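Reader: I would like to go through this model briskly. Please start with the surface.

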Amino acid sequence: MDIDILTNFFFMAVIAATPLLFGTLGEILTQKSGSINLGVEGMMFMGASIGLSASYFYEFYAGDGTIGYIALGLAVIFGFLAGALGGFIYSVLTVTFRANQNVTGLALTIFGIGVGNLIGDLLSTHAHGFTSSTEATRRVVANVGIPFLRDIPILGRMLFSYNMMVYFAIIMALLLMWFLNKTRVGLNLRAVGESPSTADAVGINVTKYKYLAASIGGGICGLGGMVISMVDNSGTWVFNCVAGRGWIAVALVIFAAWKPSRAIFGAILFGGLSVLRLYFPLDGVPAQVYDIVPYAATIFALVLTSIRKSKESAQPKACGTNYFREER
Amino acid sequence: MENKKTKSKVLVNHPDYKEHQEPWIRMVKIDSVPRGIPLLVRVSALLGAMLTGAIIILAMGSNPILVYISMITESLGSASVLRETIRIAIPLLITGLGIALAFKMRFWNIGAEGQIIAGGVAASYFALFWNGYLPYPMLLIVMFIAAVVAGGLWGMIPAIFKAKWNTNETLFTLMLNYIALEGLRYLQYGPWRDPRAFGFPIISPFPAEARLPTLFGVHIGWIIALLLVVLVHIYMKKSKQGYEISVVGESVQTARYAGINVNLVYLRTMFISGAIAGITGYVTVAGANGTISEEFTGGVGFTAITVAWLAKLNPVAMIIISCFLAILDKGSGPLVNSFGIPSSVAGIITGLFLFFMLGSEFFLNYRLVFRKKEGNRE
């Protein structure tokens with residue numbers, strides 16, 4: 001098999017993995033605090049449209065003086081804030097008002113898809129057709145890679161030639177891994193997710209932890225949406241552009257057994273599966289077989305965890321139930 | 001600080017000691033609410049959602065009152081739009097009934113979407129390939145049975161794993177949605193693709209024999225839905241099996257102690273829950289659409305979860321909630337022509353409505369207690 005096809009395939013798998021990885025990391029952080037937020041799809045939509053509008057309006061007013069880094073930076077900040085707003089709404093309802101977590105997450109999905117498509121439509125109308133990043137922004141967003149290293153044959157293409165959001169996602173995963181396993185605050189957070197009453201008893205502010213985890217987690221999900229609109233679609237709003245990737249991220253959380261390190265490989269695997277048929281079409285195998293694999297693998301992982309009764313790779317125990325101190 | 005006197009000196013002098021005082025505000029669970037309060041709370045939530053929606057509409061440069069009036073007239077104003085609204089409400093109501101049974105036993109069935117697809121596909125199989133072999137009403141009846149069985153079996157899969165290994169059902173049912181969807185896509189793009197559709201990947205329309213009859217201009221799915229409301233209500237409130245569902249929902253331990261076969265209740269209830277979702281698939285393909293496609297569920301399986309929950313799993317209340325969501329959906333469609341507001345605004349208003357309703361439940365379950373003045377020191 002041609003080595004170029006293989007490296008290209010790997011490259012495209014990583015590109016497809018990036019939004020998934022952000023979504024997964026955000027949801028891991030959220031679930032580690034004992035909240036299962038099924039609104040990832042909605043928060044990604046919010047991040048996608050609001051991140052895009054920040055960059056669009058900056059470019060609109062800066063005109064020829066557009067600096068690509070500022071446009072992308074604004075998209076990152078506003079994409080994050082939009083997702084964080086979704087996570088915050090979720091926290092208000094589930095932590096303070098103790099609404100059912102599953103239902104609140106679904107409501108957030110409905111709301112977020114509405115917000116995303118509405119803002120996207122309005123942006124397209126404002127741009128008289130469709131939005132598009134300016135040349136300056138595109139240069140920053142497109143494959144920049146790491147100078148010199150990217151010129152190494154094969155490895156350069158496979159490891160060092162991505163846009164900066166890809167590296168941002170991987171750094172984020174490593175940071176989250178370090179945070180959850182090596183820091184005091186991360187340990188506290190896991191305690192809240194496993195047993196809020198115990199955490200409360202030792203003086204951890206359960207409410208604060210849950211709010212922050214869901215809001216920051218939502219922000220990270222929002223970044224995933226922003227990558228879709230700003231990087232993958234080069235600043236063009238495509239109706240329904242998130243297209244179910246938020247749900248794949250929820251699946252990935254299970255597949256990765258709530259571990260950020262495994263999420264990196266899981267995201268590349270799932271991303272790879274989504275582009276696999278373009279590179280290696282098998283005769284007689286319908287496209288849907290490729291598409292079904294991530295979900296089937298997730299179910300397999302889920303069942304295996306439950307058979308082995310593995311506490312290590314199971315969902316944080318408090319997920320799905322809201323904590324009420326006087327009801328211990 | 002005169003309070004110190006009453007406490008042990010050792011404790012007070014400890015460096016970690018902090019003066020604890022009653023929090024400024026705290027909450028207490030309440031057992032019963034006075035009559036009328038639930039209605040008041042819900043109406044306030046509805047007004048809150050409408051006000052917030054009004055701000056968003058204002059921000060887009062339209063008059064919210066005119067927009068709301070237009071939404072009402074475009075969904076209820078004439079017989080033809082009213083029929084359309086009812087057509088949207090039917091699948092929400094039926095699916096919500098199925099979900100309520102599962103939720104009542106605290107089995108978080110997020111998989112109605114997949115169960116609808118399973119039912120729809122099974123019904124379509126008979127509609128597409130058995131026409132001519134079965135006399136007129138028989139075909140529709142066989143389609144119905146096929147949808148019930150397929151939806152029920154699809155719903156039972158996660159229950160089997162839950163019973164045997166306590167596998168998390170929220171995530172399992174969620175994943176099964178996508179497996180069912182890909183299965184349907186396979187049929188649509190593969191073996192069931194209509195060769196006469198000029199290359200378009202669509203499934204051919206059903207023959208007339210496989211279409212539900214209409215009554216008052218709407219397919220008889222609405223009668224099926226209302227019948228199901230009565231049946232599910234009786235099943236939940238009056239039958240022994242319904243009682244077992246509530247006991248399992250309250251506490252699995254209690255249920256076991258009382259001699260209830262919990263695993264059997266899981267399997268049986270999820271079969272019924274999935275079967276009802278399968279009926280949604282049936283009325284959608286045989287009634288509303290007259291064929292099946294990858295988008296035929298329209299996300300009903302997810303929206304219906306909110307219907308069931310907001311109605312507090314009460315079948316009669318689900319009629320109101322599903323009609324309300326249908327009004328929002330139908331009413332927002334034409335806004336783009338009259339006000340230039342994209343129809344995606346329906347999602348925002350629906351979301352706001354759900355947020356406010358979910359938040360307002362709190363005031364039915366908890367009471368806020370403020371710190372008394374005397375509690376304030378200094």
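Predicted model: local features only at pLDDT ≥ 70, side-chain atom pairs only at ≥ 80, totals over all residues.

Reader: How far apart are the centres of the positive and negative side chains in chain A?

Author: The positive set in chain A has 21 side chains. The negative set has 17. Their centres lie 14 Å apart.

Reader: Which pattern does chain A follow along the sequence?

Author: Chain A has 0 strands. Its helices number 13. Written out, that is α-α-α-α-α-α-α-α-α-α-α-α-α.

Reader: What radius of gyration does chain A have, against that of a compact globule?

Author: Chain A counts 328 residues. A compact globule with 328 residues would have a radius near 20 Å. Chain A agrees with that, because its own value is 20 Å.

Reader: What percentage of the residues in chain A is buried?

Author: Buried means under 20% relative accessible area. Of the 328 residues in chain A, the buried ones make up 57%.

Reader: Is B:Ser62 buried or exposed?

Author: B:Ser62 sits in the loop between α2 (37–59) and α3 (64–76) of chain B. Beyond its neighbours within four places in sequence, B:Ser62 is in contact with B:Ile57, B:Val67, B:Phe339 and B:Ile341. Its relative accessible area is 8%. The cut-off is under 20%, so B:Ser62 is buried.

Methods. Residues numbered from 1 in each chain as written. Chains lettered and ligands numbered in written order. Heavy atoms only, no water. Helix = DSSP H or I, 4+ residues; strand = E, 2+ residues; numbered from the N terminus. Rg over C-alpha atoms; globule rule 2.2 N^0.38 Å. Buried < 20%, exposed > 50% of the residue type's maximum accessible area, 1.4 Å probe, protein only. Lys, Arg positive; Asp, Glu negative; His and termini not counted. Charge placed at Lys NZ, Arg CZ, Asp CG, Glu CD. Contact = heavy atoms within 4.5 Å.
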